[in-house]
Amino acid sequence: MSSLASTQAPRSTGYRGWVVPVLGVAVWWLAANQGWSDSGLLVSPQKVALTAWEQVSSGQFWRAISSSLARNLSGFFIGTALGLLLGCLLGFSRLFERLVGPSFNTFKQISLFAWIPLISVWFGLGDVAKVVFLSLAALVPVVVNTCDGLRNVPPAFLEVAKVYGFSRWQTIIGVMLPAALPSIFTGIYLALVYSWLATIGAEYLLVSGDGIGNTLIDGSEHFMMDLVLFGMVIIGLVGWALNVLARRLERRMQRLYGITPR
Amino acid sequence: MARATATALDRSQAPAKTLAPVERLPNFPARPARRESVNVRPRLAWRARTLNGALPWLLPLALLGLWYVGTERGWLSEQVLPPPAYVYQTLVDLISTGDLWLNASASLQRVLVGFLIGSGLGVTLGLVMGLSKTVEDYLLPTFNALVQIPVLGWMPFALLLFGIGEPLKYVLIAHAALVPVTLCTLQAFHQVPKRLLEVGRAYGFSQRQIVTDIVLPSAVAPIFTGLRLGFTKAWLSLVVVELLASSEGLGYLIAYGRQLFQLDLVMAAVVVVGTVGLLIDRGFEFIERRLNKGRAMTPGRLV
């Protein structure tokens with residue numbers, strides 16, 4: 001009875017989120033250790049933990065993760081920088097928007113991964129091709145959101161700037177960019193998320209060198225479910241960490257510029 | 001008092017009457033000037049409009065021209081960049097031999113089946129979590145944790161479990177569609193306009209009436225946004241799945257062309273993938289806009 005009462009209190013519902021994962025792992029553990037299935041694919045949780053430990057202690061994991069992250073970040077930075085530039089041009093200049101906008105909108109409709117075969121022919125299978133692909137993945141959301149943010153600056157702000165006799169440059173620096181910042185941050189945040197996804201995709205489809213994606217491929221080629229599961233957990237964790245990092249940065253920047261979070 | 005105000009009103013009306021013709025007066029000299037400007041504007045507007053309409057085509061045409069000249073002059077070998085005419089020829093061949101239809105229908109069938117399964121499950125899951133806070137508390141953290149792993153991360157896992165057959169494609173495409181649909185459905189429940197809920201409560205609606213008459217109708221448009229996002233994701237992952245493991249479909253055409261170094265085939269297939277994706281997205285956008293139009297009217301009427 002007392003437990004029933006405590007579930008009704010708003011504070012003690014936090015445990016509910018853990019019920020499903022804990023149950024899931026328990027069933028998995030039972031299934032693997034009681035031998036419910038003969039399939040070699042049903043590996044036990046201990047086996048996965050052991051593989052994880054081996055990967056980490058032998059240094060293979062660090063090599064994979066560091067090369068994946070290096071690729072991810074360099075692609076992200078190149079793509080974001082180019083995206084900001086293109087987005088600003090599209091946002092500030094009507095002429096440029098008419099010239100490039102429609103082509104860009106058509107271009108972004110093409111499924112990102114469809115570019116991989118062309119990129120592999122033009123740039124090979126090495127790091128150059130992967131970084132090109134990653135920057136492409138990061139570029140699109142940054143351009144879209146930067147341009148949107150600059151286009152949707154409230155007209156009242158611009159009128160105030162006009163009343164105060166701001167020069168065009170002052171209007172851009174003092175009014176338009178700060179007003180567009182939340183949208184620009186959203187774009188950068190999306191770019192970080194997309195570029196991690198694209199990192200896995202690039203390692204998966206342009207097979208060469210080290211990387212978390214390659215760890216996964218190794219696992220699936222050798223029918224090592226433990227390695228596959230380990231790789232998946234790492235991909236999820238890194239994605240989550242990047243997500244949290246980006247959100248925290250976004251909030252800090254917003255506070256820095258005095259923007260209330262949406 | 002009443003008489004005084006009445007006379008005051010009379011007085012205040014009287015000057016207004018004399019003012020009215022004064023206001024009209026300046027219109028007379030203004031007219032000829034306006035007529036002049038009317039004569040000039042359409043020509044300018046027409047020129048501006050043609051220029052404006054032509055501008056978006058400049059960049060693609062310039063790129064096409066550069067591509068054509070580049071291949072004609074042999075700046076790049078044909079294997080690296082086939083001439084545009086060649087790509088066009090391949091596209092025409094693909095259409096006339098029926099290969100395109102065969103592969104496109106295989107792809108479309110896959111994406112449809114996967115999308116239907118995924119969005120059906122997604123809407124159900126979102127509904128259940130949206131209707132019951134308890135279910136949401138139990139399921140959402142696990143769901144959020146699993147969502148962190150992208151479709152590509154699930155691929156090797158699914159490959160080992162299901163093999164390279166059709167089920168693999170359905171499962172991965174369904175998973176890709178499921179995530180945004182579930183999240184948007186759940187969000188739709190969290191973002192029911194408060195005003196509507198208050199009106200419902202004021203009219204003494206039962207919990208069930210609130211759900212069927214207020215929450216569900218207002219959730220239709222956000223859920224549809226989720227469906228559109230889900231389809232975009234499904235189409236994206238279809239290409240990936242077919243690139244990696246398939247023996248027909250648009251993604252397979254791309255992978256096949258790459259293996260044989262037939263870049264014309266790759267490019268033709270990429271064009272088709274882009275066009276189909278664009279058409280479907282536009283279709284969804286059209287329906288979404290109509291739904292949103294209906295939604296915008298509802299709160300307006302209630303205010």
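Good morning. I begin at one residue: helix α10 of chain B is followed by Phe261(B), whose phi is positive, near 60°. Helices here are DSSP runs of H or I with at least four residues, strands are runs of E with at least two, and both are numbered from the N terminus.

Before going on, a word on conventions. This is a predicted model, in which local features need pLDDT of at least 70 and side-chain atom pairs count only at pLDDT 80 or more, while totals for chains, interfaces and linings use all residues. Residues are numbered from 1 along each chain as its sequence is written, chains are lettered from A, and ligands are numbered from 1, in the order in which they are written.

Let us stay with α10(B). Is this helix enclosed or open? Eight of its ten residues are buried, so α10(B) is largely enclosed by the rest of the structure. A residue is buried if 20 or more other C-beta atoms, placed from the backbone, lie within 10 Å of its own; it is exposed if 12 or fewer do, and partly exposed in between. Among the buried residues of α10(B) are Leu250(B), Tyr252(B), Ile254(B) and Arg258(B).

Now to chain B as a whole. It has eleven helices and zero strands. Of its 303 residues, 33% count as buried. Two residues are in contact if their C-beta atoms, placed from the backbone, lie within 7 Å. Of the contacts in chain B with a separation of 6 or more, 73% join residues 24 or more positions apart.

How confident is the predictor? Its confidence in each residue is the pLDDT, on a scale from 0 to 100. Chain B has a mean pLDDT of 79, with 83% of its residues at 70 or more. Over residues 1-38 of chain B, pLDDT stays under 50, and the model has zero contacts beyond four places in sequence for them. Residues 296-303 of chain B also stay under 50, with five such contacts. For the complex, the predictor gives an ipTM of 0.77 and a pTM of 0.77.

Chain A comes next. Its secondary structure comes to eleven helices and zero strands. Its radius of gyration, taken over C-alpha atoms, is 24 Å, well over the 18 Å of the globule rule for 262 residues, so chain A is more spread out than a compact globule. That rule is 2.2 Å times the number of residues to the power 0.38. The C-alpha trace of chain A spans about 80 × 65 × 30 Å along its principal axes, and buried residues make up 34% of the chain.

How do the chains meet? In this model, 40 residues of chain B are in contact with 42 residues of chain A. On the chain B side, α11(B) gives the largest share, eight residues.

Finally, the core. A nonpolar core is a set of buried Ala, Val, Leu, Ile, Met, Phe, Trp, Tyr and Cys residues joined through C-beta atoms within 7 Å. Which residues touch the most other members of the largest one? Of its 118 residues, they are Ile173(B) and Ala269(B). The largest share of this core, 16 residues, comes from helix α9 (residues 168-205) of chain A. Leaving aside residues up to four places away in sequence, Ile173(B) touches, among others, Val111(B), Phe115(B), Leu238(B) and Val241(B). Thank you.

Definitions and conventions. pLDDT is the predictor's confidence in each residue, from 0 to 100.
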